[in-house]
Amino acid sequence: MAAASACGGSGCGPHCSSSAGAEEDAPAERLGQLSISGAASTACGKCDGGGATVAVAGGVGMCGECFRAHLFGKFKLAVTSNAMVRPTDTVLVAFSGGPASRVALQFIHEMQSKAIQSWETSNAQALPAFGVGVAFVDESSILSPKTKHEIESAFEDIRSIVSSLSPGEKAVHIASLGDLFASESEDGVGRLREVVGMIGDETGRDDFLQRLRMLLLQKVALENGYAKIMLGSCASGIACHVLSATVKGHGYSLPADVQYVDTRWEVPVVLPLRDCLAQELSLLCKLDSLKTQQLLDRPGSGINSLVASFIARLREENPSREHTILRTAQKLKPFSFNKFSANGYHDFLPSRLRPKFQNVDSNESTFTEILCLICGSPFSESELQNLESTKHKAQKKIDLYTAHCCQSCRFQIIPSDTNMFEHFFSLLPKFWTDKVNSASASHNTLRDQIEDYLLEDDDVGT
Ligand SMILES: [Zn+2]
Ligand SMILES: [Zn+2]
């Protein structure tokens with residue numbers, strides 16, 4: 001089972017296919033250079049403090065305190081230098097129950113506590129403190145059967161973890177994947193199961209569920225007025241995504257997924273733990289006794305789990321391999337939606353960071369990429385050409401939907417039987433297909449507006 005774990009069982013976010021219970025299968029010796037050595041024989045490389053020493057992959061030994069500060073420093077730097085959170089924001093933390101998102105929740109809570117403190121001590125002269133809420137995606141409706149009692153106690157754990165974080169009251173939103181398909185008459189679980197059942201490919205199904213999870217987070221954020229969604233995606237999970245995306249032929253859109261910021265979504269998504277390893281985060285949870293809850297984790301499958309076990313192998317040989325993979329992928333040019341524009345951020349930024357955001361061209365702030373209807377990948381040149389030619393032929397709506405999907409999704413997710421096409425798209429939530437409808441409508445309006453100026457075939461040569 002340990003082989004199927006993407007990130008040491010950290011369940012670190014959208015790209016992670018880690019499985020529950022991996023921790024028991026990964027004894028301390030296998031953690032390589034990343035371990036807690038009980039004896040205080042080695043001194044901390046950063047301070048003179050004693051205590052248990054932690055060795056970080058490729059770095060010096062550290063005491064627990066310094067190790068903690070090291071990770072928090074990375075998190076805080078990612079948040080501030082990318083202007084991830086404005087003082088007026090409310091941030092929705094996607095908490096899977098695993099160590100990675102647990103650490104994200106802990107760290108953002110600490111930043112919030114400090115902001116609250118300085119707001120209070122300064123008599124409201126400082127910047128206001130941002131808000132934090134927590135979302136848990138309940139996938140139990142498509143998981144291997146869990147008893148009602150198990151599910152309820154998992155929810156209870158999640159709520160108690162969040163309520164232990166004060167000051168700063170944090171709302172907990174527990175949402176089920178079925179909610180996306182719900183209508184006035186039904187709860188949506190039936191539709192969810194039917195749509196997922198139509199996807200024959202195991203990897204396709206895994207990716208589709210991943211997409212649903214992100215869409216559900218968007219729904220929760222939009223309905224409750226959150227300005228950002230924070231994921232616990234860490235270097236290990238993203239390294240898995242880099243390799244599996246390459247295998248699936250997603251190379252063109254890959255750079256979009258390995259950045260700190262993703263504004264493709266209506267509510268932007270941020271990844272402040274991108275530079276931390278899953279093992280480091282698990283270790284921190286152990287050191288600080290941060291409670292986790294992974295009862296409802298869904299193990300990955302198909303290519304995703306194969307790649308995860310491959311990465312686990314690499315990690316055994318050398319714990320810094322995951323960093324290497326991530327750094328290599330980061331050399332690819334990101335898309336324009338991978339940063340926040342200067343609008344609304346400038347005033348809150350430290351002056352040394354302002355030039356970084358001033359350079360954003362105002363034309364660039366609204367991006368022009370066409371995104372795959374299913375997975376959200378930006379379209380490559382050939383996919384764009386295909387879409388253009390389909391649009392001009394103006395046939396059935398179903399052809400338009402298909403043309404709005406990237407090659408990989410057409411191959412792995414959309415049913416290959418043409419008769420099932422229509423049914424598949426009819427089952428998808430309305431807001432999903434509406435995007436294509438409005439895109440093609442605006443295309444048609446444009447055509448109507450310029451119709452008088454278009455040359456008809458008969459006009460040519462007269
Ligand atoms: Zn130290
Ligand atoms: Zn796609």
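This is a short walk through one predicted model, from confidence to the sheet and then the helices.

Confidence first. The protein averages a pLDDT of 80. Of the residues, 77% score at least 70. Two stretches fall below 50. Residues 1–33 are one of them, with pLDDT below 50. Beyond near neighbours in sequence, that stretch still has 116 contacts in the model. Residues 358–365 also have pLDDT below 50. There the model has seven contacts beyond near neighbours in sequence.

What is the strand order? Six strands form an open sheet, and the order is 6-5-4-7-9-8. The pairing is mixed. Which strands stand at the edges? Strand 6 and strand 8, residues 261–262, do. Each has a single partner strand, so one side of each is left without a neighbour in the sheet.

Look at strand 5, residues 131–138. Is this strand mostly covered or mostly open? Mostly covered: six of its eight residues are buried. On one side, strand 5 pairs with strand 4, residues 90–94. The sense is parallel, over five bridges. Take Val93: its bridge partner in strand 5 is Val134. How does the chain get from strand 4 to strand 5? Through helix 3, residues 99–121. This β-α-β crossover is right-handed.

Strand 5 also pairs with strand 6, residues 172–176. Again the sense is parallel, with five bridges. Asp138 stands opposite Ser176 of strand 6.

Further along the sheet, strand 7 is residues 228–230 and strand 9 is residues 269–270. These two run parallel, joined by two bridges. Met230 stands opposite Val270 in strand 9.

Next, the helices against the sheet. Helix 3 lies across strand 4, strand 5 and strand 7. Helix 3 runs at about 160 degrees to strand 4. Helix 4, residues 148–163, lies across strand 5 and strand 6. Its angle to strand 6 is about 155 degrees.

Last, helix 2, residues 64–81. Helix 2 has 18 residues. From first C-alpha to last, helix 2 reaches 26 Å, close to the 26 Å expected at 1.5 Å a residue. Which residues of helix 2 are buried? Cys66, Phe67, Leu71, Phe75 and Ala78. Keep the helix repeat in mind here. An α-helix has 3.6 residues a turn, so residues three or four places apart point the same way. Just after helix 2 comes Ala83, with a positive phi of about 50 degrees.

Methods. Residues numbered from 1 in each chain as written. Chains lettered and ligands numbered in written order. Predicted model: local features only at pLDDT ≥ 70, side-chain atom pairs only at ≥ 80, totals over all residues. Buried ≥ 20, exposed ≤ 12 C-beta atoms within 10 Å, placed from the backbone. Helix = DSSP H or I, 4+ residues; strand = E, 2+ residues; numbered from the N terminus. Pairing = 2+ DSSP bridges. Right-handed = clockwise from strand over helix to strand, strands pointing away. Expected span 1.5 Å × (residues − 1). pLDDT = per-residue confidence, 0-100. Axes fitted to C-alpha atoms, helices over the stretch in contact; angles between N-to-C directions.
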